[in-house]
Amino acid sequence: MERTIDTIRKDIRKLFEENPHVHVNVTMRHPKVSVQNGAAVIKGVYPNTFQLEETENGYTQRHCVQYNDVLIGRVEILELQDV
């Protein structure tokens, strides 16, 4: 099945409602974020973005992510492969 922004948005909303605890791979330059198989929580889902919270080395960070970042592979939510 071909992924589109709408299907990604729908799948992320489903994860948010059913079990927001996910694992992510993130590679972004601005802001510089690099996470491999990190535990994260989906904290909010909005029309154009969603919010992830991840804790690494005792520091909690929130990231606002566009659905396009998932579409082009900057952000990979491992649980989306099962949806």
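How many residues apart in helix α1 are glutamate 17 and arginine 13? They are four residues apart, so about one helical turn separates them.

## About the model

This is a predicted model: local features need pLDDT of at least 70, side-chain atom pairs count only at pLDDT 80 or more, and totals for chains, interfaces and linings use all residues. Residues are numbered from 1 along each chain as its sequence is written, and side-chain values use heavy atoms, with hydrogens and water left out.

## Salt bridges

A salt bridge here is a side-chain nitrogen of Lys or Arg within 4 Å of a carboxyl oxygen of Asp or Glu, and the count comes to six. Glutamate 17 and arginine 13 form one, with the closest N and O atoms 4.0 Å apart. Glutamate 17 is exposed, at 57% relative accessible area, while arginine 13 is partly exposed at 35% (buried is under 20%, exposed over 50%, partly exposed in between; 1.4 Å probe, protein chains only). Salt bridges with shared partners also link Lys43, Glu53 and Arg62 into one network.

Arginine 3 bridges to aspartate 11 at 3.3 Å between the closest N and O atoms; aspartate 11 is buried, at 6%.

## The sheet

Now to the strands (E, at least two residues) and helices (H or I, at least four), which are DSSP runs numbered from the N terminus. Five strands make an open antiparallel sheet, ordered β4-β3-β2-β1-β5; two strands pair if DSSP finds at least two bridges between them. The edge strands, β4 (59–66) and β5 (75–77), each pair on one side only.

Five bridges join β2 (residues 33–45) to β3, and glycine 44 stands opposite glutamine 51 in β3.
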